[in-house]
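Hello,

Here is the structure for your files. My notes on the pockets and the overall fold follow below.

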Amino acid sequence: LSDAARESQVRHALRQALEERRPSCVLVMDEGDAFTLVHRDPREVLSIVKGIQVELYETTGEAELRVAVDYGPIGLERDAAGATVGIRRGHDVLRNVARIEPLVSPSQVWVTERSKDALDGTPSFYRAEPIEADVRPELRSSDGTFNVKKPGSLEEDHFLRLFRIDEPRR
């Protein structure tokens with residue numbers, strides 16, 4: 001297949017995978033080659049993302065999602081009938097995932113310290129492990145946190161402790 005046809009196939013498979021999982025989520029926003037997923041359970045959001053990766057691989061032979069997860073309160077926008085239609089801007093959870101995602105290696109899931117703490121509070125198959133010191137050293141401070149400030153922007157430095165999600169060997 002051509003690159004454009006392959007990309008179209010992957011996007012179609014991603015949209016289909018998101019639609020199948022939409023009922024279990026608070027909100028799913030499909031943004032072409034990216035998506036935002038809101039869920040109340042930190043363990044379940046990882047299961048959903050891993051399920052999407054498996055489904056994309058089985059359908060297209062590709063599953064190189066870069067996933068960033070943060071945990072915390074957000075404000076939801078609702079329509080006149082009360083249905084959730086979006087997320088109010090200005091929440092650090094959204095900013096954090098938008099800044100972290102470009103840093104994530106393909107096929108990996110990175111989470112913030114808040115996400116790790118929430119995950120640690122639930123029985124889970126997944127473990128949040130420290131990211132190796134040689135990963136993105138140009139963005140790391142001496143204490144191991146990552147500066148997730150948008151490159152080239154005038155915003156202030158924004159340091160977060162990030163972790164990589166691992167699954168135990170089966």
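The lining of the largest pocket draws at least two residues from each of helix 1 (3-21), strand 2 (35-38), helix 2 (42-60), strand 3 (66-69), helix 3 (92-100) and helix 4 (113-120). Helices (H or I, at least four residues) and strands (E, at least two) are DSSP runs, numbered from the N terminus. Helix 1 contributes the most to this lining, six residues.

This is a predicted model, in which local features need pLDDT of at least 70 and side-chain atom pairs count only at pLDDT 80 or more, while totals for chains, interfaces and linings use all residues. Residues are numbered from 1 along each chain as its sequence is written, and side-chain values use heavy atoms, with hydrogens and water left out.

The largest pocket holds about 1,400 Å³ of space. Its lining has 48 residues, and the closest to the centre are Phe35, Thr36, Leu37, Val67 and Ala68. (A pocket is an open set of points on a 1 Å grid over the protein atoms alone, where a 1.4 Å probe fits, with protein on both sides within 12 Å along at least five of seven lines; lining residues have an atom within 4 Å of a point. A volume is the space filled by probe spheres set on the points.) By class, the lining of the largest pocket comprises 29 nonpolar, four polar and 15 charged residues. Ala, Val, Leu, Ile, Met, Phe, Trp, Tyr, Cys and Pro count as nonpolar, Asp, Glu, Lys and Arg as charged, and the others, Gly among them, as polar.

The second largest pocket has about 180 Å³. Residues lining the second largest pocket include Ala98, Arg99, Pro102, Leu103 and Arg136, as well as Lys149, Lys150 and Pro151. Six residues of that lining are nonpolar, one is polar and four are charged.

As for the fold, the protein chain has four helices and 10 strands, in the order α-β-β-α-β-β-β-α-β-α-β-β-β-β along the sequence. Its radius of gyration (over C-alpha atoms) is 17 Å, close to the 15 Å that the globule rule (2.2 Å times the number of residues to the power 0.38) gives for 170 residues, so the chain is as compact as a globular protein of that length. The C-alpha trace spans about 45 × 40 × 40 Å along its principal axes.

Glu20 counts as partly exposed because its relative accessibility is 48% (buried is under 20%, exposed over 50%, partly exposed in between, with a 1.4 Å probe and protein chains only).

Regards
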